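Open the model in your viewer and keep the selection panel handy. We will go from stop to stop, picking residues and looking at what surrounds them.

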Amino acid sequence: MRIRLARRSELSRIQDIERAAGEPFRALGMDTVADDDPPPVELLEWYRAAGRCWVATGPAGRADDRPVAYLTADLVDGAAHIEQVSVDPAYARLGIGRALIDHLGARAERHGLAALTLTTFSGVPWNEPYYARLGFVTVPDRELGDGLRNIRAEEAEHGLDRWPRVCMRRSPALLVPPALAPLAADGHADDRAALR
């Protein structure tokens with residue numbers, strides 16, 4: 001697997017990954033989530049140009065360099081916030097999502113950020129329980145910073161609160177598990193702008 005910054009030519013592929021990653025929600029009766037449009041190309045381009053959109057190109061042995069997963073990140077309340085991480089279901093359960101998250105964790109640690117944060121659905125097996133296995137803990141509403149409160153308010157306006165949602169945080173000590181640290185180095189000069 002290779003993790004690298006996304007290329008402009010891959011933004012429509014990232015949208016395809018997002019559409020495919022939404023389909024499993026249909027089986028849980030969450031059709032609105034499954035039918036939600038992927039991020040617009042303009043927004044993905046903003047993340048790409050800012051150095052905050054990474055792709056994983058799949059498991060070892062693949063001959064091409066085509067993305068099979070992606071992650072976008074923001075800076076929120078002094079932490080690296082995972083805006084979105086999605087894996088094409090054809091490549092699920094191979095550790096690709098975890099590798100992208102650990103990649104961002106390495107960046108966060110290098111830039112002196114306190115933690116990784118995200119918002120997600122509780123009770124959805126590949127959401128809150130999955131992130132808990134990766135070391136994330138649910139943050140009580142009373143402990144949220146202004147940035148996370150704003151994100152939750154925007155999610156509610158978008159209708160995502162039809163299902164229970166939570167904010168989660170991964171402590172600094174867990175940002176880069178030693179066994180996965182080599183995945184964080186991709187050697188691209190563009191990484192200087194990864195988390196400003």
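Select Arg165 to begin: with a relative accessible area of 14%, this residue is buried, where buried means under 20% relative accessible area, exposed over 50% and partly exposed in between (1.4 Å probe, protein chains only). Arg165 and Glu155 form a salt bridge, and their closest N and O atoms are 3.0 Å apart; the term stands for a side-chain nitrogen of Lys or Arg within 4 Å of a carboxyl oxygen of Asp or Glu. Glu155 sits in helix H6 (residues 146–157) and Arg165 in strand E7 (residues 165–170), so this pair, 10 residues apart, links distant parts of the chain. Helices (H or I, at least four residues) and strands (E, at least two) are DSSP runs, numbered from the N terminus.

A word on the ground rules: this is a predicted model, in which local features need pLDDT of at least 70 and side-chain atom pairs count only at pLDDT 80 or more, while totals for chains, interfaces and linings use all residues. Residues are numbered from 1 along each chain as its sequence is written, and side-chain values use heavy atoms, leaving out hydrogens and water.

Next, select Arg13 and Asp88. Here the closest N and O atoms of the salt bridge are 3.2 Å apart. Arg13 belongs to helix H1 (residues 11–22) and Asp88 to the loop between strand E4 (79–87) and helix H4 (96–110), so the pair ties together parts that are 75 residues apart in sequence. Arg13 is buried at 13% relative accessibility, and Asp88 is buried at 13%.

For another pair, pick Asp35 and Arg26, whose closest N and O atoms are 2.7 Å apart in a salt bridge. Arg26 is partly exposed, at 30%. Then try a group: Arg2, Arg4, Arg7, Glu10 and Asp65 are linked in a network of salt bridges. The count of salt bridges comes to 17.

Now colour H4. How many of its 15 residues are buried? The number is 12, so H4 is largely enclosed by the rest of the structure; among them are Ile96, Leu100, His103 and Arg107. Just after H4, click on Gly112 to find a positive phi of about 70 degrees.

Last stop: Ala132, in helix H5 (residues 128–133), is partly exposed at 42% relative accessibility. Draw a C-alpha to C-alpha distance from Ala132 to Arg169: they are 9.4 Å apart in space and 37 residues apart in sequence.
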